[in-house]
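Thanks for sending this one over. Here are my notes, in numbered points, to read with the structure open beside you.

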Amino acid sequence: MIISSRHDVALAFLIHLAGENKSVAKIAHNTGSSLSNMEHTATVLRHAGLITSIRGKTGGYALTRSLEQITVGDIFDAVGTETKRRGYGLFDEIHRRLKDVAVSDLLARRSCTK
């Protein structure tokens, strides 16, 4: 399994949407990512059903579920993973366990270590 910066960018995108709608430009600015990278991430997350676009003056993107209901496994499903596995089951087990880790859990652990 290859974990890339795309996974971190997707996680950051979702975290920045917690509590309010935001534009891609605002998220790109807040995370220090390029606008084109964030636009691509928004497309990937929208196609996966994790975010939705909001039209209008205060538009942008919004979460379709709370961070308690979005898992790390959802991010991996959206962004994709690359593996050269032989089918011994390790990748499947890791992926299964990622479905039990909510994004909110990562935030809680992160705030405890600061």
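1. Y61 is buried, at a relative accessible area of 16%; buried here means under 20% relative accessible area, exposed over 50% and partly exposed in between, with a 1.4 Å probe and protein chains only. Please keep in mind that this is a predicted model, in which local features need pLDDT of at least 70 and side-chain atom pairs count only at pLDDT 80 or more, while totals for chains, interfaces and linings use all residues. Residues are numbered from 1 along each chain as its sequence is written, and side-chain values use heavy atoms, with hydrogens and water left out.

2. Which residue does Y61 pair with? Its partner is F13, and the two rings sit edge-to-face, 6.2 Å centre to centre with 70 degrees between the planes. The rule takes rings of Phe, Tyr and Trp (its six-membered ring) with centres within 6.5 Å, and calls planes under 30 degrees apart stacked, over 60 edge-to-face and the rest tilted. The count by this rule comes to 1 aromatic pair. F13 belongs to helix α1 and Y61 to strand β2, 48 residues apart, so the pair links distant parts of the chain. Helices (H or I, at least four residues) and strands (E, at least two) are DSSP runs numbered from the N terminus.

3. F13 is itself buried, with a relative accessible area of 0%. Together with L14, L45 and I51, F13 has the most contacts inside the largest nonpolar core, which has 22 residues. Such a core is a set of buried Ala, Val, Leu, Ile, Met, Phe, Trp, Tyr and Cys residues joined through side-chain atoms within 4.5 Å. Two or more residues each come from α1 (5–16), α2 (24–31), α3, β2 (60–63) and α4 (72–79), and α1 gives the largest share, 5 residues.

4. Now for some neighbours, where contact means heavy atoms within 4.5 Å. Not counting residues up to four places away in sequence, L45 touches A10, F13, L14, L50, I51 and A78. T41, in helix α3 (residues 35–47), is buried at 7% relative accessibility. Leaving aside neighbours within four places in sequence, T41 is in contact with V9, A10 and F13.

5. I27 is found in helix α2 and is buried at 0% relative accessibility. With neighbours within four places in sequence left aside, the contacts of I27 are F13, H16, L17, K22 and M38. I27 and L17 are 10 residues apart in sequence and 8.2 Å apart in space, C-alpha to C-alpha.

6. How many salt bridges does the whole structure hold? A search finds 6, each being a side-chain nitrogen of Lys or Arg within 4 Å of a carboxyl oxygen of Asp or Glu. D74 and K99 form one of them at 3.5 Å, N to O. D74 lies in helix α4 and K99 in the loop between α5 (90–98) and α6 (103–112), so this pair ties together parts that are 25 residues apart in sequence. D74 is buried at 15% relative accessibility, whereas K99 is partly exposed at 32%.

7. K99 also meets D77 in a salt bridge of 2.4 Å, N to O. D77 is partly exposed at 43% relative accessibility. R65, D74, D77 and K99 are linked in a network of salt bridges.

8. Within helix α5, E93 and R96 lie 3 residues apart, about one turn of the helix. Their side chains meet in a salt bridge of 2.5 Å, N to O.
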